[in-house]
Every structure is written in C-alpha cells, then in structure tokens.
Amino acid sequence: MHNYKITIEYDGTNFVGWQRQENGVSVQQLVEEAIEKLTNNKTIIFGAGRTDAGVHAKGQTASFELEKSIDTDIIRDGLNHYLRPHPIAILSTENVNLDFNARFSAKLRWYKYKISNRRSPLTLDKNRAWCVHKNINIEKSIDQSKFFIGKHNLSAFRSINCQSKNPIKSIDSIEIKKNNDEIIFLISAKSFLHSQVRIMVGTLVDIGLNKISKSISEIIALEKREFAGVTAPACGLYLTKVDY
C-alpha cells in the first residue's frame, strides 16, 4: 500500500461541510469521487479538520491509501481535473509513511477568522467574512483574548450539537490584528470543540461591542453556553494550516 497526503483549498459556501453526509454535497465526497475517477479504486480519505457548512479552507490536509504507486504531480493534477468546476483545489500531494493519518497525526491546527468592521455591506468579501456594522472596541477584545491561552474547560464555548466527551481543551495561541476596517483572528490548538472558534470570536466581538460585561475568565469558570456570546457566522472562518 502507498499512503498520500494532500493539501486542499476550498470555498465552503455551498457545501454541507468537510465530512460526507446524506443531506448534501461535502468536500470529502467530491475528493473521494475524484480519486476513484483517477485511480479506478474506491478509497476513504481522512481530513485533519471537520469544517462545518460554509467554512472555508486554505490549508486543509487529508490522507488516503492506494494499492499502486502514482506520481504525486499526477495525483495533484488529476484530482484537480476531476474536481472542476467545484471550488476545490488540491495544492500539493506528498508520499507519507503508512502510519501517517491526517487527522490523528496532527499536532496543531490553525484557524483564521475574518471580520469586516464597517457600515457598508460586503460585496467582494460576501460569504468570505463577517460584516459587523457597529464599531468594535478591538483593544478590549484583544485584552480579554489572552485569558483563553492554556488548558481550560471550554463548555461555554461549544455548540449544543458538540459530541465531544471531554470539554477540556488547550489553546496554544490567539492573535488579533486590525488593519483599517479588517479584523483578523488567528487561533491555534491541537483540537477544538464543535463551533469553538466561532463562539470564541463571537464572544470577543460581543465584549468589544459592550454587549457582555463578564470577562472571559468569568465565562470560562461558569462553564455554561448561555454566558458566552453569539456564534460567529461560518463564512468568516478558514482552516489555514495543520502542523505535524
């Protein structure tokens, strides 16, 4: 057997998410179908991040096995051929050891969240950013964001649909950058709860809008979703990189 790792970019707007589902078209489904067309073999691919409906990726990774060896450039170009016209691109293909698994071998996942803080509606960034029309006190958001760093019970920052048995997660880094009306959140951790990044961002925005008076430390300690802020829209979230 031969094991391959692919790096994938996609616009998640019209997909039900990464994971194959019965209620619509997923990224995983289309990539698996492209592999079958290219190799005449059915295979299951393992993605590093199970991005939700509407979430994008600039550096999603996935792995899969094939019985025969195929040149990595042929895999990249062949998959891109069969994926057209869907907004999915294979950026690179690598040979990896048989014990490599894109999901379970990951050491750190990096997410970016993009906000446009302006009065006017979005045009070029429609479906690719969250437009917040009221002025955000970003210094306040930045000050509170540092309390996410480290290991915490993040029950307040997961969706009601989260199936994880353990709410304890470690946040390695969080950075917030503002350039004119664009605000970028960069967050890294080994793993995340369902909708965790979007709820973290939504809470920091609500704090910056003075909609929440409690601190991040207080909300973490309360361990209840009702005390955190809104769930930021999926359209602003990007899986940018996975470290191994």
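## Close-up views of a predicted model

**View 1. A loop with a cis peptide bond.** P85 lies in the loop between α2 and β4. In this predicted model, the peptide bond that leads from R84 to P85 is cis, and its omega is near 5 degrees.

**View 2. Helix α2 and its neighbours.** Helix α2 covers residues 72–83, twelve residues in total. From its first C-alpha to its last, helix α2 reaches 16 Å, close to the 16 Å expected at 1.5 Å a residue. Which residues of α2 are buried? They are T72, I75, G78, L79, N80 and L83. The buried residues of α2 pack against β1, β3, β4 (88–96) and α1 (27–39). At the N-terminal end, α2 is capped by D71, with a side-chain oxygen of D71 lying 2.9 Å from the backbone nitrogen of D73.

**View 3. Strand β3 and its partners.** Strand β3 spans residues 56–66 and is mostly covered, with nine of its eleven residues buried. Follow its pairings one by one:

- Strand β1 (residues 2–10) runs antiparallel to β3, and eight bridges join the two. Here T7 has T61 of β3 as its bridge partner.
- Strand β2 (residues 46–47) also pairs with β3 in the antiparallel sense, over two bridges. In this pairing, G47 stands opposite A62 of β3.
- Strand β10 (residues 237–243) runs parallel to β3, and two bridges join them. Look for A57, which stands opposite L239 in β10.

**View 4. Two lysines over aromatic rings.** K58 lies over the face of Y238, at 5.5 Å from the ring centre. In the other example, the charged end of K241 sits over the ring of W110, 4.8 Å from the centre of that ring.

**View 5. An edge-to-face aromatic pair.** A search of the whole structure finds six aromatic pairs. One of them is formed by Y111 and F192. How are these two rings arranged, edge-to-face or stacked? They are edge-to-face, with 5.3 Å from centre to centre and 90 degrees between the planes. This pair links distant parts of the chain, 81 residues apart: Y111 is in strand β5 (residues 108–117), while F192 is in the loop between β9 (182–189) and α4 (196–208). Y111 counts as buried because its relative accessibility is 10%, below the cut-off of 20%.

**View 6. A buried glycine in a loop.** G236 is found in the loop between α5 (216–222) and β10. Why does G236 count as buried? Because its relative accessibility is 0%. Not counting residues up to four places away in sequence, G236 touches K112, Y113, K114, R128, A129 and W130. G236 and C131 are 105 residues apart along the chain, and their C-alpha atoms are separated by 8.9 Å.

**View 7. Two asparagines with positive phi.** N40 lies in the loop between α1 and β2. Although N40 is not a glycine, its phi is positive, about 65 degrees. Is N40 buried or exposed? N40 is exposed, because its relative accessible area is 69%, over the 50% cut-off. N210, in the loop between α4 and α5, has a positive phi of about 65 degrees and is not a glycine. With a relative accessible area of 56%, N210 is exposed.

Note on methods. Residues numbered from 1 in each chain as written. Predicted model: local features only at pLDDT ≥ 70, side-chain atom pairs only at ≥ 80, totals over all residues. Heavy atoms only, no water. Buried < 20%, exposed > 50% of the residue type's maximum accessible area, 1.4 Å probe, protein only. Helix = DSSP H or I, 4+ residues; strand = E, 2+ residues; numbered from the N terminus. Pairing = 2+ DSSP bridges. Expected span 1.5 Å × (residues − 1). Contact = heavy atoms within 4.5 Å. Polar contact = N/O pair within 3.5 Å; in protein donor to acceptor, adjacent residues only side chain to side chain. Phe/Tyr/Trp six-rings, centres within 6.5 Å; stacked < 30°, edge-to-face > 60°. Lys NZ or Arg CZ within 6 Å of the ring centre and 35° of its normal.
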